[in-house]
Amino acid sequence: MCDKKYDVTALGEMLIDFTENGLSEQGHPLLEANPGGAPCNVLAMLEKLGKKTAFIGKVGKDMFGEQLIAAAKEAGIDTSYMLLDNEVHTTLAFVHTYPGGDRDFSFYRNPGADMMLTKDEVNEELIRSSRIFHFGTLSSTHEGVREATRHAIEIAKESGAIITFDPNLRPPLWKSLDDARVEIEYGMSKCDVLKISDNEVEFLFGTTDYDKGAALIREKYNIPLVLITMGKEGSRAYYKDLRVEVAPFLQEHTIETTGAGDTFCASALNYVLEHGLCNLTAENLAELLTFANAAASLITTRKGALSVMPEKQEVLDFIASRS
């Protein structure tokens, strides 16, 4: 698997996150157009960690689509497989940040260009040339792009790639939450590594007992590595008979949490690339979670995500400063 051209290929949404950045002279919110989209954020952090990545997706042939392609290229992501839609505009997300960093999203995506990706537009050779294939659920909210996503997953399975999944639940984008549940369950049935947030465990199982949620996930889907992020409570890893929890790196200077989960996810995938999924120890899992928590903490001090991911040494220095 090490002779494959790409470390990670991701499929999904790429969009503009309009985040609040002060007030105008008239007292109105000023919005900054930050390039984003969970799968591409993951790839941007992986590039910072020295990995080779590629993205499969579609943006509009408009100023925002051009901005996104340029930002992905600048991050080092191979954009050769990104497509332009001549008719449907790039998806936009407006992010309202509350005190403490929590967020609320409003999406302009009815439709959005990322939804227009079709099965025939998925580059099979790219996926076969990748060590990891990564996806979420925003590429499964509508029939056409859902078919493309499932096709890509099956190609990845056939090629022996490690399959990684982050549900990244965004309720406003689903016709019904029952549909969201079905797609999350499908993703869990296919993946080797699951990164899931505390609120997504609550959504699926109606419990804040995350050990119970993890046990139910592993019992039903037999996923080798399950990672649960718990915001200000840190994160947990479940692997074979191991359960490891690591405290968070809480920040005084948190601006917003956009991209924190993606930064964590990328850091975890990087660890899997470097250590594999066989014979991981409690020490391995603690090391994985510590780096991922620290990287996620750093990104909360910055506006946006894709263009401002931390360097590896920056994360290591941050960990050292807290020890």
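**Entry 1**

I started at P111, which sits in the loop between β7 (103–108) and α3 (124–128). This is a predicted model, so I read every position below as a prediction. I checked the peptide bond that joins N110 to P111 and found it cis, with omega about 0°. I flagged it because most peptide bonds are trans.

**Entry 2: N168**

Next I looked up backbone angles. N168 has a phi near 50°, a positive value in a residue that is not glycine. I noted it because most residues other than glycine have a negative phi. I placed N168 in the loop between β9 (162–165) and α5 (177–190).

**Entry 3: H142**

Where is H142 found? I traced H142 to the loop between β8 (130–135) and α4 (143–159). I then asked which residues H142 touches, not counting those up to four places away in sequence. The list is R109, M115, L173 and K175. I also looked for a polar partner. The side chain of H142 makes a polar contact with the side chain of T141, at 2.7 Å.

**Entry 4: α4 against α5**

I moved on to helix packing. The axes of α4 and α5 are 11 Å apart, and the two helices pack at an angle of about 10°. Angles under 35 degrees count as roughly parallel, so α4 is roughly parallel to α5. On the α4 side I listed R146, R150, I153, E154 and K157. On the α5 side I listed E183, Y186 and K190. I sorted this contact by class: six charged residues, two nonpolar and no polar ones.

**Entry 5: α9 against α10**

Helix α9 covers residues 282–299 and helix α10 covers residues 312–322. Their axes come within 9 Å and cross at roughly 105°. An angle of 65 to 115 degrees counts as roughly perpendicular, so α9 is roughly perpendicular to α10. From α9, the contact uses T290, F291, A294, A295, S297 and L298. From α10, it uses K312, E314, V315, L316, F318 and I319. By class I have eight nonpolar, two polar and two charged residues for α9 with α10.

**Entry 6: the second largest pocket**

I turned to open space. The second largest pocket has a volume of about 210 Å³. How many residues line this pocket? I found 13 in the lining, with N270, Y271, E287, F291 and K312 lying nearest the centre. F291 and K312 were already in my notes from the contact of α9 with α10. The elements giving two or more residues to the pocket lining are α8 (260–275), α9 and α10. Which element gives the most to the lining of the second largest pocket? That is α8, with five residues. By class, the pocket lining has six nonpolar, four polar and three charged residues.

**Entry 7: the cavity**

How many cavities of 30 Å³ or more does a search of the whole structure find? It finds one. The largest cavity has a volume of about 30 Å³. I wrote down the lining of the largest cavity: A38, P39, V42, H134, F135, G136, D166 and D262. Both α1 (38–48) and β8 supply at least two residues of this lining. The most comes from α1, with three residues. Sorted by class, the cavity lining has four nonpolar, two polar and two charged residues.

Terms used. Residues numbered from 1 in each chain as written. Predicted model: local features only at pLDDT ≥ 70, side-chain atom pairs only at ≥ 80, totals over all residues. Heavy atoms only, no water. Axes fitted to C-alpha atoms, helices over the stretch in contact; angles between N-to-C directions. Helix = DSSP H or I, 4+ residues; strand = E, 2+ residues; numbered from the N terminus. Parallel < 35°, antiparallel > 145°, perpendicular 65-115°, else oblique. Contact = heavy atoms within 4.5 Å. Nonpolar A, V, L, I, M, F, W, Y, C, P; charged D, E, K, R; others polar. 1 Å grid on protein atoms, 1.4 Å probe; cavity = no way out; pocket = protein on both sides within 12 Å on 5 of 7 lines; lining within 4 Å. Points joined across faces, edges and corners; volume = space filled by probe spheres on them. Polar contact = N/O pair within 3.5 Å; in protein donor to acceptor, adjacent residues only side chain to side chain.
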